[in-house]
Amino acid sequence: MGVKDVKPTRSELIELKKKIKLSQSGHKLLKMKRDGLILEFFEILGKAKDVRTELDAAYEVASRRIAIAEAVDGVITVKSTSFALQGKPEIELESRNIMGVVVPKIESSSVHKALDERGYGIVGTSSYTDEAADSYEILVEKIILAAEIETTMKKLLDDIEKTKRRVNALEFKVIPELQEAMNFIRLRLEEMERENTFRLKRIKG
């Protein structure tokens, strides 16, 4: 809002006061939201680091166990065992709200199975293949959890940036411009009042 575009009237002054009050209230709420989101982000960041560490460890274990299973039972046996697996993991995608930000909530089931639920014959495989299957199921669980947490972090970070831009726009542009316009109107009204007083005095004289 340019000062030149402002009409120096009392009604305009009242409107500007309302706009300033509303903008300051919005600025305060947005700052609170930004600070709350930042706290949430850092709390989730700690969880993300732990999950990432667990994921890397699970991947190393799974890689090591599958290599041992292939060496002992043979690559063909391990592959045929994997094809014999029954029941696919079930993933249900929901959502939850964190201070106005919609983030994913992933529920999984039938990922980590008991030995007799995998669908392949226990007689034809060794414990090495069983351990490899077990470790990969654990790895998949860690991947699902990491996906949920890292997507949540990305959405929070995007909203923090968006909220920060709004806070800065109100603080450094909108509110100062409104206050400048209000001051201009006040000065102009005072000037007009002095002119009227001077004019009245001259008429009386």
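Which side chains meet in a salt bridge at 3.5 Å, N to O? The legends below answer this and describe further close-up views. The model is predicted, so that local features need pLDDT of at least 70 and side-chain atom pairs count only at pLDDT 80 or more, whereas totals for chains, interfaces and linings use all residues. Residues are numbered from 1 along each chain as its sequence is written, and side-chain values use heavy atoms, with hydrogens and water left out.

**View 1. The salt bridge of K105 and E107.** The side chains that meet at 3.5 Å, N to O, are those of K105 and E107, a salt bridge being a side-chain nitrogen of Lys or Arg within 4 Å of a carboxyl oxygen of Asp or Glu. K105 is partly exposed at 31% relative accessibility, and E107 is partly exposed as well, with a relative accessible area of 37%; here buried means under 20% relative accessible area, exposed over 50%, and partly exposed in between (1.4 Å probe, protein chains only).

**View 2. The salt bridge of K33 and D159.** The structure holds 11 salt bridges, and one of them joins the side chains of K33 and D159 at 3.3 Å, N to O. This pair links distant parts of the chain, with K33 in helix α1 (residues 10-73) and D159 in helix α3 (residues 127-204), 126 residues apart; helices (H or I, at least four residues) are DSSP runs, numbered from the N terminus. K33 is partly exposed, with a relative accessible area of 22%, whereas D159 is buried at 13%.

**View 3. The salt bridge of K173 and E177.** The closest N and O atoms of K173 and E177 are 3.0 Å apart. Because the two residues are four apart in helix α3, about one helical turn separates K173 from E177. K173 counts as partly exposed at 48% relative accessibility, and E177 counts as partly exposed at 23%.

View 4. H27 counts as buried, at 13% relative accessibility. Not counting residues up to four places away in sequence, H27 touches V167, L170, E171 and I175, where contact means heavy atoms within 4.5 Å.

**View 5. A nonpolar surface patch made by I68, V72 and Y128.** The patch covers about 250 Å², with accessible areas taken from the Shrake-Rupley method with a 1.4 Å probe, and for residues only the protein chains shown count as cover. Patches are made of residues with over 30% relative accessible area and no salt bridge, like charges being joined within 9 Å and nonpolar side chains (Val, Leu, Ile, Met, Phe, Trp, Tyr) within 5 Å. I68 lies in helix α1 and is partly exposed at 37% relative accessibility.
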